[in-house]
Amino acid sequence: MQNSGSETDTPQEVIKEALKFKDIAWNWLTDSHMWMVVLLAAVRIIIIFMLTRLIIKVVYKVIDQTLSHQEKSKLRMNPRRFVTVGGLLKNITSVACNFIMVLIVLAEFNFELAPLLAGAGVLGLAIGFGAQSLVKDVITGFFIILEDQFAVGDVIQTGTFKGTVEMIGIRTTRIVSHTGEVYILPNGGIASVTNFSLSNALAIVDIPIKNERNLEDSIKLIQQALVDTYENTPEMISTPNVLGVQSLSTSEYSLRIVADCLPTTREKVERQIQIGVKRAIEEEEALELQATKGEEGTADGA
């Protein structure tokens, strides 16, 4: 009975095929020309990588020196803007250089770049229609920097997010809150911004005082405490002022204190004012208590 399919190879034929494969592999491994081509390609790729890193470092240095020179010029420009623009230029430089490096490396592997770039153009056009939010993020980020709405190091609030700007990128902005949370916000989603770093702040503190205390004496005590607080608080621009009675009830009245302070230091200055006033009241109460005890001791001695 004959088999309908191909017959099984004999052991001799298997050995023959194995020896043939071994010869092919050996010839491939001992092909000096092929290995020379591979070695030269590897050397060129390493040189391309090193040149790319060198170009990026040189451009970074040029950007830093240029911005440093502009910052020291006579033109009055916001130094915060230099930090932001410098970071953005470095980001663009890194992306552009690495993209060119990838294209050159692909060319070393005999990839046809013309069809690849044409396909990338068509793909980019298709992505552009479908990624309108991405385009919006990039354009909004550009206008944020152009109009100097905020810069790296500023304390801002947008929506429910408040913190210090750590990075402004092409597409996103990174904000770090005072408790350590990191918010990464798309630039296109930043509709309105409150910048706390552009102008001086105003610290406002209301101090409750018992009605038993004399108003003039309380104002005099607090004013003296504010002078001492101002001398020990460099964030204050001028000596705080007591505006007067802000509220009044049957048990107490409230004195309002205001103080001009540096940007983003309002909370700290308000705490320092409260600490200074509290210490002054405690010291006065302690002196009054000592005086009362002294009078009682004199009366008992008599």
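R171 has a relative accessibility of 40%, so this residue counts as partly exposed; the label covers values between buried (under 20% relative accessible area) and exposed (over 50%), found with a 1.4 Å probe on protein chains only. The model is predicted, so local features need pLDDT of at least 70 and side-chain atom pairs count only at pLDDT 80 or more, while totals for chains, interfaces and linings use all residues. Residues are numbered from 1 along each chain as its sequence is written, and side-chain values use heavy atoms, with hydrogens and water left out.

**Salt bridges**

Side chains of opposite charge can pair when their charged atoms come close. The structure holds nine salt bridges, each being a side-chain nitrogen of Lys or Arg within 4 Å of a carboxyl oxygen of Asp or Glu.

| Salt bridge | Distance between closest N and O atoms |
|---|---|
| K268 and E235 | 2.8 Å |
| R266 and E270 | 3.2 Å |

Because R171 lies in the loop between β2 (161–168) and β3 (172–176) and D137 in helix α5 (residues 132–146), the pair ties together parts that are 34 residues apart in sequence. Helices (H or I, at least four residues) and strands (E, at least two) are DSSP runs, numbered from the N terminus. D137 is buried, with a relative accessible area of 7%.

K268 forms a salt bridge with E235. K268 belongs to helix α7 (residues 266–301) and E235 to the loop between α6 (215–231) and β7 (241–248), so this pair ties together parts that are 33 residues apart in sequence. K268 is partly exposed at 39% relative accessible area, and E235 is buried at 15%.

R266 and E270 both lie in helix α7, four residues apart, which is about one turn of the helix. R266 is partly exposed, with a relative accessible area of 32%, and E270 counts as buried at 15%. Salt bridges that share partners join R266, E267 and E270 into one network.

**The sheet**

Strands of a sheet pair through backbone hydrogen bonds, either parallel or antiparallel. Here three strands form an open sheet in the order β6-β8-β7, with antiparallel pairing; two strands pair if DSSP finds at least two bridges between them. Strands β6 and β7 stand at the edges with a single partner strand each, so one side of each has no neighbour in the sheet. The twist from one strand to the next averages 30 degrees.

Ten bridges join β6 to β8 (residues 252–261). L202 stands opposite D260 in β8, and A203 stands opposite A259 in β8.

In a regular strand the side chains alternate between the two faces of the sheet. Strand β6 (residues 201–210) has a covered face with A201, A203, V205, I207 and I209. The uncovered face of β6 holds L202, I204, D206, P208 and K210.

Helix α6 lies across β6, β7 and β8, and runs at about 25 degrees to β8. Axes are lines fitted to C-alpha atoms, for helices over the stretch in contact (heavy atoms within 4.5 Å), and angles run from 0 to 180 degrees between N-to-C directions.

S197 is found in the loop between β5 (194–195) and β6. S197 is buried, with a relative accessible area of 18%. A polar atom of the S197 side chain lies 2.8 Å from the backbone nitrogen of V155. Not counting residues up to four places away in sequence, S197 touches G153, D154, V155, P263 and T264.

Methods: A polar contact is a pair of N or O atoms within 3.5 Å; within protein, one must be able to donate a hydrogen and the other to accept it, and residues adjacent in sequence count only if both atoms are side-chain atoms.
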